[in-house]
Amino acid sequence: MSCDKFDERLQQLLDQRLEPADDRELQHHAQQCADCRSLLEAQRRLFSAFECDPYGRTGLTDNFAEKVVTAFVAEQPPVRSWGQKAWAGALVAVAALLLLALLPGLRPITNHRVSPAPSTNNVVENAAPIVPTVAVPKYVSHETSPASEPLGTNAVASLPPPGQGTNDWIDNLRESISEVSLENLEPMDQIADGFRPVATSLQSAVGVLRRTLPGGGENRHKPMPAASGMWNNGLDVHV
Amino acid sequence: MVDLVDRYKGQVFGLCLRMLGQRQDAEDAVQETFLRVLKSLGRWDASRDFEPWLMAIAGNRCRTALAARRRRPMPQTLEDDTVPDADDGQRSAEQLAEEVQLALADLRFEYRQAFVLFHEQEMEYAAIAQVMDVPVGTIKTWVHRARRELMERLRLRGIHQETRNVLRQV
């Protein structure tokens, strides 16, 4: 066996995870060739070194896995709880309903002024031309000229008829808005980027509504206009 | 998750220790490996073996750690003067292991990783090819070269001298 064959055979045995020292041909050549003998001995020492464990390889701390998992959990972004998600969802739903129900009422303001059909209940001719809320014209126009107000009729459908718990409905609505505080509920930076414009719009809309609804925001401590018969038509206004 | 880490931590630590040669660096690499694995577990292709994927991540962590080490001054952990003369015949197993570790550190990164995965982790060539993302033939070549370089290094440094003396006496 030549030295090249010796090397080839040695690699072959190691590839098969066999012990070269057990191979007769290799041993025979190694006895005759000092270089190959030293190489074989180096191989033996090399692999015996792997059986030694000077670094305490198995000495990872017992709680190593717990430490890793703790570090992993700490790196995770905060996950909103189910309650938080439900709360945010309810808020968005309420805000959307408010927009659907009340925004169309902005347009009949013009109607109120151009069609002053006299109403036995709520018209005071010299009343100041103040439109206290965006919701008021709906009831006025509904009572006085329902046919002339096609706008917003769908939105008003969910409202109770005038004189039948309207204030309660508004009060509940206001309270629900008071309870649903966008500013306190969900910091904007916790809302996904794609929803931020929508959330901002809703937040603004709800803010406007809170300020303009009777008894809400700026109007909360203001006395109701005495001349506004619409608020005194037998309804108790608790604001 | 704890079970997953417990199951594979020894294997990953073995590779990292051989690749980095320092216990603290190896522990850090193991932790980074498992953090990376846990984060990426959702993207793991379940049709492929988990172990090669894990060891590939560990290898990459080791490569990153070595690159970081090169950028900062490191104290020499093992010096030649700690190795006694080859003729004294008193070399302990620990010293031999340290010598082998030094020899490993001098190998090309790919040779070292292939060698450790084959001989210490006892992975098959095909699995190592998956880990290192190269053909099986390349892995074989790297392992053969790693062996030759290591054996030659040990022979030149006289690690085998003691045995040679014994054989002569016989």
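I began with A:Asp4, which counts as exposed because 8 C-beta neighbours lie inside 10 Å. The cut-offs I applied are 20 or more other C-beta atoms within 10 Å for buried, 12 or fewer for exposed, and partly exposed in between, with C-beta atoms placed from the backbone. I located A:Asp4 in helix α1 of chain A. I also looked up its separation from A:Cys36, 32 residues apart along the chain, and the two C-alpha atoms are 9.7 Å apart.

I note that this is a predicted model, in which local features need pLDDT of at least 70, side-chain atom pairs count only at pLDDT 80 or more, and totals for chains, interfaces and linings use all residues. Residues are numbered from 1 along each chain as its sequence is written, while chains are lettered from A and ligands numbered from 1 in the order in which they are written.

**Chain A**

I recorded eleven helices and zero strands for chain A. Helices (H or I, at least four residues) and strands (E, at least two) are DSSP runs numbered from the N terminus. Of the 239 residues of chain A, 22% count as buried. I then turned to contacts, where two residues qualify if their C-beta atoms, placed from the backbone, lie within 7 Å. For chain A contacts with a separation of 6 or more, 69% are between residues 24 or more positions apart.

I looked next at α3(A), which has 18 residues and reaches 26 Å from its first C-alpha to its last, close to the 26 Å expected at 1.5 Å a residue. The expected span is 1.5 Å times one less than the number of residues. The buried residues of α3(A) include A:Cys36, A:Arg37, A:Glu41 and A:Arg45, and among them are also A:Leu39, A:Leu40 and A:Leu46.

**Between the chains**

I asked how many residues of each chain are in contact with the other. The count is 33 residues of chain B against 24 residues of chain A. On the chain B side, the elements giving two or more residues are α1 (2-20), α2 (23-40), α4 (93-106), α5 (109-120), α7 (136-156) and α8 (161-169). Among these, α1(B) gives the most, with eight residues. By class, that side of chain B has 16 nonpolar, seven polar and ten charged residues. Ala, Val, Leu, Ile, Met, Phe, Trp, Tyr, Cys and Pro count as nonpolar, Asp, Glu, Lys and Arg as charged, and the others, Gly among them, as polar.

I followed α1(B) to helix α4 (residues 64-75) of chain A; their axes come within 9 Å and cross at roughly 130°. Axes are lines fitted to C-alpha atoms, for helices over the stretch in contact, and angles run from 0 to 180 degrees between N-to-C directions. The angle makes α4(A) oblique to α1(B). Angles under 35 degrees count as roughly parallel, over 145 as roughly antiparallel, 65 to 115 as roughly perpendicular and the rest as oblique. The crossing of α4(A) and α1(B) is right-handed, a term for a near helix turned clockwise from the far one by less than a right angle, anticlockwise being left-handed.

In this contact, A:Phe64, A:Ala65, A:Glu66, A:Val68 and A:Val69 of α4(A) meet B:Val2, B:Val5, B:Asp6 and B:Lys9 of α1(B). These residues divide into six nonpolar, no polar and three charged.

**Chain B**

I checked α7(B), which has 21 residues and spans 30 Å from its first C-alpha to its last, close to the 30 Å expected at 1.5 Å a residue. Its buried residues include B:Trp142, B:Arg147, B:Met151 and B:Arg155. I asked what covers the buried residues of α7(B). The cover includes α1 (3-15) and α3 (34-51) of chain A together with α4, α5 and α6 (125-132) of chain B.

I then took α6(B) with helix α3 (residues 50-70) of chain B; the axes come within 8 Å and cross at roughly 50°. That makes α3(B) oblique to α6(B), and the crossing is right-handed. Here B:Pro52, B:Met55, B:Ala56 and B:Gly59 in α3(B) meet B:Ala127, B:Gln130 and B:Val131 in α6(B). By class, the contact has five nonpolar, two polar and no charged residues.

Lastly, I looked up backbone angles in two loops. Most residues other than glycine have a negative phi. B:Glu122, not a glycine, has a positive phi of about 55° and is placed in the loop between α5 and α6 of chain B. B:Glu122 is exposed, with 9 other C-beta atoms within 10 Å. B:Asp133, also not a glycine, has a positive phi of about 60° and lies in the loop between α6 and α7 of chain B. B:Asp133 is exposed, with 10 other C-beta atoms within 10 Å.
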